[in-house]
Amino acid sequence: MNAAVVPAPGRRVLVRVPATSANLGPGFDTLGLALSVYDELDVTALPEGQLEIEVEGAGAADVPRDASHLVVRSIAYAYESVGRRMPGLRLHARNVIPHGRGLGSSGAAVVSGLLAAKGLLEGDVEFGPDALLRLATELEGHPDNVAPALFGGLTIAWVDEDGPQHKKLLVHRGVSPLVFVPEFTMSTALARSLQPMQVPREDAVFNVSRSALLIAALTQSPELLQAATEDKLHQNYRASAMPETDKLVRTLRAEGFAAVVSGAGPSVLVLADGPGRRLEAAALAASSTNLAADTPWEALMLAVDFKGGTVREYAEGST
């Protein structure tokens with residue numbers, strides 16, 4: 001196939017992408033974790049120029065139904081990157097990842113679009129892991145959210161002269177994630193604007209040590225998670241923009257729980273060192289009068305997703 005040829009209408013692919021939590025405390029713009037909350041996308045190729053979009057679930061009332069939709073833009077970006085003309089599209093998005101809560105909803109949309117393009121172009125163009133990460137980072141801006149969405153597990157992301165890179169690690173089975181999701185949202189751009197361009201040397205050294213410890217805690221020694229999730233680079237600077245989040249993090253940490261801001265917030269991620277401790281954290285948040293007075297928190301008992309985003313061609317009778 002060349003750029004003048006559009007794929008035949010009718011090809012249909014199904015995509016599933018997990019939520020992510022970036023930073024994990026000290027690993028600012030570097031560490032990310034895939035979580036067992038999923039957006040699903042059903043995409044069918046149509047005659048060129050047609051576009052049908054149906055959205056249900058999280059953000060359904062707010063996302064556009066035209067070519068500006070982030071999934072559509074991501075599909076178009078993938079096609080353009082390999083010199084192919086995009087077909088018409090029918091999209092049915094089932095969104096479960098909360099929008100604007102620090103759980104990687106925009107990264108998941110980008111990855112969903114790229115994986116949809118990968119599926120639609122299968123047999124003509126192959127998108128390998130490096131190409132997918134590069135395209136996703138160009139679209140989303142940072143690799144720490146899109147890497148776990150693509151590959152699952154715990155990811156370390158960095159950028160060198162060859163572009164964005166990643167290393168996937170398996171998380172210790174004793175790590176039990178818990179996410180507290182509020183009703184209010186947080187702008188990533190606003191959160192980033194609150195951080196200084198320079199930080200004290202001792203704070204940088206502090207975070208380097210905690211990030212190294214966090215890798216050990218998540219992969220080998222969950223009992224070290226509270227010490228490993230301490231941070232001095234970003235959470236304190238952002239606290240004024242989300243005082244309810246800051247209060248919940250401080251309350252949980254005071255009781256020995258490894259609580260951090262999830263991504264840019266306002267959700268709170270707890271990395272418990274076992275299912276029992278996770279239940280204790282949820283009970284503490286629910287029973288605290290001060291916390292309940294500020295905002296209701298939905299507690300999500302999750303697992304680490306180890307597969308990352310998946311795409312498969314639809315076959316009659318499949319579910």
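Let's start with strand E4 (88–95): six of its eight residues are buried, so E4 is largely enclosed by the rest of the structure. Buried here means under 20% relative accessible area, with a 1.4 Å probe and protein chains only. Strands are DSSP runs of E with at least two residues, helices are runs of H or I with at least four, and both are numbered from the N terminus.

The model is predicted, so local features need pLDDT of at least 70 and side-chain atom pairs 80 or more, while totals for chains, interfaces and linings use all residues. Residues are numbered from 1 along each chain, and side-chain values use heavy atoms, without hydrogens and water.

Now look at the partners of E4. Strand E2 runs antiparallel to E4, joined by seven bridges; two strands pair if DSSP finds at least two bridges between them. Strand E3 (residues 51–57) pairs with E4 in the parallel sense, also over seven bridges. Leucine 89 in E4 is the bridge partner of alanine 45, and leucine 51 stands opposite leucine 89 too.

Next comes the second largest pocket, with a volume of about 350 Å³. A pocket is an open set of points on a 1 Å grid over the protein atoms alone where a 1.4 Å probe fits, with protein on both sides within 12 Å along at least five of seven lines; lining residues have an atom within 4 Å of a point. The volume is the space filled by probe spheres set on the points, which are joined across faces, edges and corners. Of its 20 lining residues, Val63, His69, Leu70, His99 and Ala109 lie nearest the centre. Helix H2 gives the largest share, five residues.

Key: Buried < 20%, exposed > 50% of the residue type's maximum accessible area, 1.4 Å probe, protein only.
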